[in-house]
Amino acid sequence: MPANFDTYPLLAPDNWKGWVELKPQSEVSKKNELDDAKNKPGLYRIRHPKFARLVYIGESSKVRRRMSTLANKIQQEKMPYRDPHTAAMSLWSYINEYGGSFEVSWIVPEYADQKRWRKGMEAGLLCLYRLNEGNSTISNYGRIHPGYTKSKRRKTGVRGGKVEDHSMN
């Protein structure tokens, strides 16, 4: 990033759009708040009313598409595969366990059109979140609900799901 990169826009709550319900593609195509996200590069945050902390912080070259794809995956009857996005299986495990719905917020900051800078912003947000909150987000770093096993890549055909003995994943 340029030496004069200003982190304030990433940290100022008023610069983030949302919080709105994370809806499947069929709902996104109808006029709603997610239309404002467009398919621009940016960052997004996901939360669930069950938790006092964020569930996930992510980045994408097309924020609206990523949000609607995640929403589609978590609505499936079976746990999604770990590809194309590992967050889907984690989000699915929490919705399956607690019900309700996720809310999403997003930002399209300066320099987000360049992948390496977007990834850097995501890493910085995760770091600052942990420092400020004393905890990491619930679903980053491949974590899923402890009562579930992880799916494998689609080509294996192996899906995760709820385990009865609640063994750690």
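Visitor: Let's start with Tyr-148: buried or exposed?
Guide: This is a predicted model, and in it Tyr-148 counts as buried, because its relative accessibility is 0% and the cut-off for buried is under 20%.

Visitor: OK, and which ring does Tyr-148 pair with?
Guide: The partner is Trp-92: the ring centres are 6.1 Å apart and the planes sit at 90°, so the pair is edge-to-face. Trp-92 is in helix H4 and Tyr-148 in strand E5, so parts 56 residues apart in sequence get tied together.

Visitor: What about Trp-92, buried or exposed?
Guide: Trp-92 is buried, at a relative accessible area of 7%.

Visitor: How many aromatic pairs does the structure hold?
Guide: There are six. One of them is Phe-51 with Tyr-94, which is edge-to-face, with 5.5 Å from centre to centre and 85° between the planes. Phe-51 sits in the loop between E2 and E3, while Tyr-94 belongs to helix H4 (residues 87–98), so this pair links parts 43 residues apart in sequence.

Visitor: And how covered are those two rings?
Guide: Phe-51 is partly exposed, with a relative accessible area of 22%, whereas Tyr-94 is buried at 7%. Together with Tyr-98, they form one aromatic cluster.

Visitor: Switching topic: which strands is E2 joined to?
Guide: E2 (residues 42–47) has five bridges to strand E3 (residues 56–60), running antiparallel. Another five bridges join E2 to E4 (residues 103–107), also antiparallel. As for E2 itself, five of its six residues are buried.

Visitor: Which residues face each other there?
Guide: Arg-45 has Ile-57 in E3 as its bridge partner, and Ile-46 stands opposite Val-104 in E4. Arg-45 also lies over the face of Trp-16, 4.1 Å from the ring centre.

Visitor: Ile-57, got it. What side chain reaches its backbone oxygen?
Guide: That's Asn-140, at 2.8 Å. Asn-140 lies in the loop between helix H5 (115–133) and strand E5 (148–149), and it is buried, with a relative accessible area of 4%. Residues that Asn-140 touches include Val-55, Tyr-56 and Leu-126.

Visitor: One last thing: how far does helix H3 reach?
Guide: H3 (residues 63–74) has 12 residues and spans 17 Å from first C-alpha to last, close to the 16 Å expected. Its buried residues include Val-63, Met-67, Leu-70 and Ile-74. In an α-helix there are 3.6 residues a turn, so residues three or four places apart point the same way.

Technical notes. Residues are numbered from 1 along each chain as its sequence is written. This is a predicted model: local features need pLDDT of at least 70, side-chain atom pairs count only at pLDDT 80 or more; totals for chains, interfaces and linings use all residues. Side-chain values use heavy atoms; hydrogens and water are left out. Helices (H or I, at least four residues) and strands (E, at least two) are DSSP runs, numbered from the N terminus. Buried means under 20% relative accessible area, exposed over 50%, partly exposed in between (1.4 Å probe, protein chains only). A polar contact is a pair of N or O atoms within 3.5 Å; within protein, one must be able to donate a hydrogen and the other to accept it, and residues adjacent in sequence count only if both atoms are side-chain atoms. Contact means heavy atoms within 4.5 Å. Two strands pair if DSSP finds at least two bridges between them. The expected span of a helix is 1.5 Å times one less than its number of residues. Rings of Phe, Tyr and Trp (its six-membered ring) pair if their centres lie within 6.5 Å; planes under 30 degrees apart count as stacked, over 60 as edge-to-face and the rest as tilted. A charge sits over a ring if NZ of Lys or CZ of Arg is within 6 Å of the ring centre and within 35 degrees of the ring normal.
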